Amino acid sequence: MKRTDYCGNIDEKYVDKTVVVDGWVHKTRDIGNLLFIDLRDREGIVQVVVENDYNDFEYAKTIRTEFVIEVEGKVRKRENPNPKIKTGGIEIIANKIKILNKAEDLPFFPSEKKDISEETRLKYRYIDLRKDKIKNNIALRHKATINIRNFLNDNGFYEIETPVLIRSTPEGARDFLVPSRVHHGKFYALPQSPQLFKQILMISGFDRYFQLAKCFRDEDLRSDRQPEFTQVDIEMSFVDENDVLELSENMLKNLFKEIGVTVETPFLKLSYDEAMEKYATDKPDLRIKEVIEDWTELLGKTSSNILNSIYQNNGKIRGIKFQNGKNFSRKVIDNLNNEIRELGGKGAFWIKKIEGVIKSSIKLNDDELSSFEKSSSIQENEIYLFVGGNNKEINPYLDYIRKKFGNIGEGFEFLWIVDFPLFERDSDGNITSLHHPFTSPKPEDIEKLDIDPVQVYSNAYDIVLNGYEIGGGSIRIHDFELQKKIFEVLGLSDNDINKKFGFFIKALKTGTPPHGGIAFGLDRILMLMAEETSIREVIPFPKTTSGMDLMSETPSEVDEKQLKELKINIIK
């Protein structure tokens, strides 16, 4: 026997024809004189009927769930069609069955409806991948990558691979280091991004490059992060910011057709400052309609010692208005206070209007409450939740409150965040790049590099979808003197520059075109397209939140001989 088609492809056009199908037994139903087998492969499920006049009926009855079998049979229409599956109008009457392999000791079955712990699912990923949902996600991944490749190819891009073993340039997250056996005491690093190499490709004249690049970051993990991930990496020469944004929008518009979604372009644009003012984050979910308001002047000059202290110390009092005030019970507010304290804050305050009466968690006199009612236009059953402090301190709490209580809509809301600051100060007061040190400052701000670098804005842009940053990029620095100036602002000496970026600086001096690019997080995009809440659901073999592969038991110890060859001692 030789397979003639996939199980999920057998339909009415095969009626009265003999077919051969292979797959896994999804379920069996034995009703005495008939045996029904739901046979599954990557394309779907087809019903196989074994009648009691089959030449080895008892052999067929030994078949169990997840056995791998091969069936030859004639296709006929079903008397009772099943509209829930695409093969539901037909069935195969078996005339030959062969058990290719048995399945023993399965910790769970793909057909099970009950929830299986993620630890068990990842440990036995080869079984988990047989589930329809995960299988469909991987199929979507394939279609998406083909879609992206075809789109970029049609737009004149070359797909070029860049090295995976590179030098360490620790500027962002921690590098994964790879010791060299030949060059003792020296290390390769796995790339956090192909940034320098794709810029060198622009210097080399390959003016439109892309790559589905594997990237690695040794950082703390969340539901939307993995230590290794896939980036859709794009770089273009002789372009400006609008060129990159337009190409990106068209690529995403074309990609989302794979799931039947029409994406409207152009996308909304918000400056970084406006996003932080209205949403307290540079990756707002625009499906949530509530926005943040500033009540510093309204509440800071009141008799409340807490609010007045915030005002006198140049802090801000900012909050969000919600419609469903009756739902904010004492328990809900107490839980919110505890959650914000766990995040490092001091809790949240509230003012609400219920049955015509204004009440507040802050001690305000009647005149102040009346003044607030008039100035804020608070309506019946509305509640104002607010926090106080400096903006950088309170923004995470405002973002948390908005996500927790906001009314969230449906669909896909794309957004560009533009006009980012070029630099920020870290907790020690040192100047660091907000994106990376190869981002071009806005031409009108270059003179500020010598006066107040933190006031310099950049030609950087992030793309946000439903509250997730799915991509980011910038117009790059193509002038050596300006690049050197940026390194100096970051506190790098000539020796530091040559040690970390010497090869790139040499290349930059050899005739560099204006260029810019963007990188998209493929896993995050697929997570949103598949309506999942974790990127682990769209990656074939993901790591846990602790960075482990439970299936292959990675990371693992290595043989002592290998360590000796590398001249490495393990300190316990």
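Which strand does Phe520 lie in? Phe520 sits in strand β22, residues 515–521; strands here are DSSP runs of E, at least two residues long, and helices are runs of H or I, at least four, numbered from the N terminus.

Before I go on, a bit of housekeeping. This is a predicted model, where local features need pLDDT of at least 70 and side-chain atom pairs count only at pLDDT 80 or more, while totals for chains, interfaces and linings use all residues. Residues are numbered from 1 along each chain as its sequence is written, and side-chain values use heavy atoms, with hydrogens and water left out.

OK, the overall picture. The chain has 16 helices and 22 strands. Of its 572 residues, 48% are buried, meaning under 20% relative accessible area with a 1.4 Å probe, protein chains only.

Back to Phe520. Its relative accessible area is 0%, so Phe520 counts as buried. Beyond its neighbours within four places in sequence, Phe520 is in contact (heavy atoms within 4.5 Å) with residues including Ile234, Leu252, Ile463, Ile470 and Ile525.

That takes us to the core. A nonpolar core here is a set of buried Ala, Val, Leu, Ile, Met, Phe, Trp, Tyr and Cys residues joined through side-chain atoms within 4.5 Å. The largest one has 41 residues, and Phe520 and Phe414 are among those touching the most other members. Not counting residues up to four places away in sequence, Phe414 touches Leu252, Phe256, Ile463 and Ile470, among others. There's also a second, separate core of 25 residues, including Cys7, Ile10, Val50 and Ile92.

Next, a helix pair. Helix α4 (residues 132–154) and helix α15 (residues 522–529) pack at about 120°, axes 11 Å apart; the axes are lines fitted to C-alpha atoms over the stretch in contact, and angles run from 0 to 180 degrees between N-to-C directions. That angle makes α4 oblique to α15, oblique being what's left after under 35 degrees (roughly parallel), over 145 (roughly antiparallel) and 65 to 115 (roughly perpendicular).

Last stop, α7, residues 272–279. Its buried residues are Tyr272, Ala275, Met276 and Tyr279. They cover an arc of only 100° around the axis, which puts them on the same side of α7; the arc is taken from the directions from the helix axis to the C-beta atoms. What covers them includes β11, β12, β13, α12 and β17. Just after α7, Ala280 takes a positive phi of about 65°.

Conventions. Buried < 20%, exposed > 50% of the residue type's maximum accessible area, 1.4 Å probe, protein only.
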